[in-house]
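This report describes a predicted model. It covers the nonpolar core, the metal site and the packing of helices.

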Amino acid sequence: MKDLYIVWSKDNEIGIPIIDEQHRVAVGTINSLFYFMQMKRGVAALRPTLNVLEQYTKIHFETEEELMKLHGFRDLDAHLLLHRDLQSQAHEILHEGIVNNDATIVLNFLKEWWLDHINKQDRKFAEHLRHTGVL
Ligand SMILES: [Fe+2]
């Protein structure tokens, strides 16, 4: 059995339990995509996992955005744009991956986006909660 594509580490936790939990699930789903790719499955076989990732991302963004609104996060609008950007970019990159029959394009994009987003953008919200005494 080969390695995981993304190894989750405690360093990726931002300190909001439900958000950390959801981030792990998203990363786990990306790891499942990688696993199926290693098993040389075609794009059609990856489809159900991609669907789960897409649906789960919606649930996750909804959770995050709801908490951001509830706690008056001042960067909410910019953060909403980042979430919407991922959703449109992911569709384009998925298309590119299918056209080129290359799942690594999709995996690289997902890994980079999620780790960067979690560790830079979502962390700002955790900092906001700490400043306001919620965390
Ligand atoms: Fe986010």
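## Nonpolar core

The largest nonpolar core has 33 residues, of which Ile16, Ile30, Leu33, Leu110, Trp114 and Phe125 touch the most other members. Such a core is a set of buried Ala, Val, Leu, Ile, Met, Phe, Trp, Tyr and Cys residues joined through side-chain atoms within 4.5 Å; buried means under 20% relative accessible area, with a 1.4 Å probe and protein chains only. Two or more residues each come from α1 (17-38), α2, α3 (76-99) and α4, and α4 gives the most, with 11 residues. Helices are DSSP runs (H or I, at least four residues) numbered from the N terminus.

Leaving aside residues up to four places away in sequence, Leu110 touches Ile30, Leu33 and Leu53, where contact means heavy atoms within 4.5 Å.

## Basis of the model

Residues are numbered from 1 along each chain as its sequence is written, and side-chain values use heavy atoms, with hydrogens and water left out. In this predicted model, local features need pLDDT of at least 70 and side-chain atom pairs count only at pLDDT 80 or more, whereas totals for chains, interfaces and linings use all residues.

## Iron site

The iron ion has as protein donors Glu64 (OE), His79 (NE2), His83 (NE2), His117 (NE2) and Asp122 (OD), at 1.9 to 2.3 Å. Donors are N, O and S atoms within 2.8 Å of the metal (3.2 Å for Na, K and Ca); water is not among the atoms, so the site may look incomplete. The spacing of the donor residues in sequence is E-x14-H-x3-H-x33-H-x4-D.

Glu64 in helix α2 (residues 43-70) and Asp122 in helix α4 (residues 103-131) are 58 residues apart, a pair that links distant parts of the chain. Both Glu64 and Asp122 are buried.

## Helix packing

The axes of α2 and α3 come within 11 Å and cross at roughly 175 degrees, which makes α2 roughly antiparallel to α3. Axes are lines fitted to C-alpha atoms over the stretch in contact, and angles run from 0 to 180 degrees between N-to-C directions; over 145 degrees counts as roughly antiparallel. Residues in this contact include Glu64 of α2, and His79 and His83 of α3.

The helices α3 and α4 pack at about 170 degrees with axes 9 Å apart, and are therefore also roughly antiparallel to each other. Among the residues of this contact are His79 and His83 of α3, and Trp114, His117 and Asp122 of α4.

Definitions and conventions:
Buried < 20%, exposed > 50% of the residue type's maximum accessible area, 1.4 Å probe, protein only. Parallel < 35°, antiparallel > 145°, perpendicular 65-115°, else oblique.
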